[in-house]
Amino acid sequence: MEKIVVRGGKRLNGTVKAEGAKNSVLPVIAASLLAEEGTSTIYDVPTLADVFTMKNVLNYMDADVNVENGVFTSNAEGELTTEAPFEYVRKMRASFLVMGPLLARKGCAHIALPGGCAIGSRPIDQHLKGFEAMGAVVEIGNGYIEAKVQGRLQGARIYLDFPSVGATENIMMAATLAEGTTILENVAEEPEIVDLANYLNAMGAKVRGAGTGTIRIEGVKQMKGAVHSIIPDRIEAGSLMIASAITGGDVFVEGAIHEHIRPLVAKLREMGVIIEDEDNGMRVIGPDILRPVDLKTMPHPGFPTDMQAQFMALLTQAKGTAVITETVFENRFMHVEEFRRMNADVKIEGKTAIVSGPTRLQGAEVAATDLRAGAALIIAGLVAEGETTLTELRHLDRGYVDFHKKLQGLGARVERVEVTEMEESSSKEEKILRTVNH
Ligand SMILES: CC(=O)N[C@H]1[C@@H](OP(=O)(O)OP(=O)(O)OC[C@H]2O[C@@H](n3ccc(=O)[nH]c3=O)[C@H](O)[C@@H]2O)O[C@H](CO)[C@@H](O)[C@@H]1O
Ligand SMILES: C=C(OP(=O)(O)O)C(=O)O
């Protein structure tokens, strides 16, 4: 087991580059199952734990997949196994994204139910509603979802009750090989949806309107492997921008695309952060005094829930009171308790968190409650007095490649080290106590 140790007090300075987006690469890998012919080559693939989990899922299904030096190749020409067992879906909900491609290509899929997780219950009813509208019969039992269709899926008009990212992707992939046209309404508009649509179109699909509220997919008979490059990770880029802002730093984040992070840039500017838009990224200069701002998480182009915890770290340093409203996930304030261990002044009232600042944060032993919380606590550690120690790094590793090394490169005092046996057993005990007291 490892931990990250942060010693605060350094202003960040320099240039850092964002990796390919986790939330793009996972659906793109799932979509590669749609190719009955040829190999797909995907560039700018981040070496994240989630990417390896997705690779293992496709391996299990007998696709020929490989990932090396940021390049993912997938050949799914052969007979595919149509099952994704719990051991994979448990590790990562995005494994469920193989359902759409399997149903479209093989007419059946047997996938473990993703279940709930730390940030909320995360149901999949909208995915299933879409598959059923296209003619699939869906049964749930023994912790699995079995979906089948006689012949091919049929194009349909589907209105999502909420613009779910995963449901939009899963149904969009299923519709590519359906008979007829599918019109998907009230869909997610995230940049990752556009990236997936671009890859699908390169494979021979006919997807129009991705990035707007309505997507139209004309079914095609067959798709083939294609070459595609993943867009930069806007959440990783945003996390690094906040790291610069909180330390009063001056950092150029290569790969930060204004159009993808418009709400974050707007909120940072309202706080007094200087942001210069350059050709291939953004320069972020932190001010001496940060102003408080309220924010509400929303589906894109609203403020992303995946930036909420990191932004909360920044608000602890603003002069005054700010209100954060989390509307996307019902339980995404788990990091607040960890922030409080660092002396942050944050109160929770239902869906809102009230952050008062500026607080002199103090280094403490904290645990990543999810991947974004992990990044947020490291960011808080950059300005805390003394030493902050972060454990539960498996969460962080799902979404960040060498976050500590990137910060080190900007001058931060951050290290990743092995924990001693004694630390490990006392951390286990503490975890049990925390669960019991929760
Ligand atoms: C791999 C990936 O891309 N993950 C992202 C994706 O997750 P994911 O695709 O799981 O998120 P969704 O957009 O589906 O979920 C958003 C909300 O819709 C609800 N919902 C979703 C599906 C459904 O069938 N029924 C339903 O009620 C969820 O419980 C949640 O409250 O979008 C989230 C919201 O931007 C991000 O936080 C995740 O980082
Ligand atoms: C919640 C997230 O991811 P996932 O949907 O993969 O759990 C995230 O990236 O912040």
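Two residues are in contact when heavy atoms lie within 4.5 Å. By this criterion, residues 24 or more positions apart account for 74% of the contacts in the protein with a separation of 6 or more. The model is predicted, so local features need pLDDT of at least 70 and side-chain atom pairs count only at pLDDT 80 or more, while totals for chains, interfaces and linings use all residues. Residues are numbered from 1 along each chain as its sequence is written, chains are lettered from A and ligands numbered from 1 in the order in which they are written, and side-chain values use heavy atoms, with hydrogens and water left out.

To begin with the overall picture, the protein contains 15 helices and 26 strands; these are DSSP runs numbered from the N terminus, with helices (H or I) of at least four residues and strands (E) of at least two. Its radius of gyration, taken over C-alpha atoms, is 22 Å, which agrees with the value near 22 Å that a compact globule of 438 residues would have. The globule rule here is 2.2 Å times the number of residues to the power 0.38. Along the principal axes, the C-alpha trace spans about 65 × 50 × 40 Å. Of the 438 residues, 57% count as buried, where buried means under 20% relative accessible area, exposed over 50% and partly exposed in between (1.4 Å probe, protein chains only).

Rings of Phe, Tyr and Trp (its six-membered ring) pair if their centres lie within 6.5 Å, and planes under 30 degrees apart count as stacked, over 60 as edge-to-face and the rest as tilted. The count comes to 3 aromatic pairs. One of them joins Y60 and Y88, with ring centres 5.9 Å apart and planes at 70°, so the pair is edge-to-face. This pair links distant parts of the chain, as Y60 in helix α2 (residues 49-60) and Y88 in helix α3 (residues 86-89) are 28 residues apart. Y60 is partly exposed at 35% relative accessibility, whereas Y88 is buried at 13%. F303 and F311 also form an edge-to-face pair, at 5.3 Å centre to centre and 75° between the planes. F303 is buried at 4% relative accessibility, and F311 is buried at 0%.

Helix α9 (residues 262-270) has P263, L264, V265, K267 and L268 as its buried residues. These residues pack against the helices α8 (234-246) and α10 (308-315), and against the strands β18 (274-278), β19 (281-285) and β20 (295-296). Just after α9, G272 takes a positive phi of about 105°.
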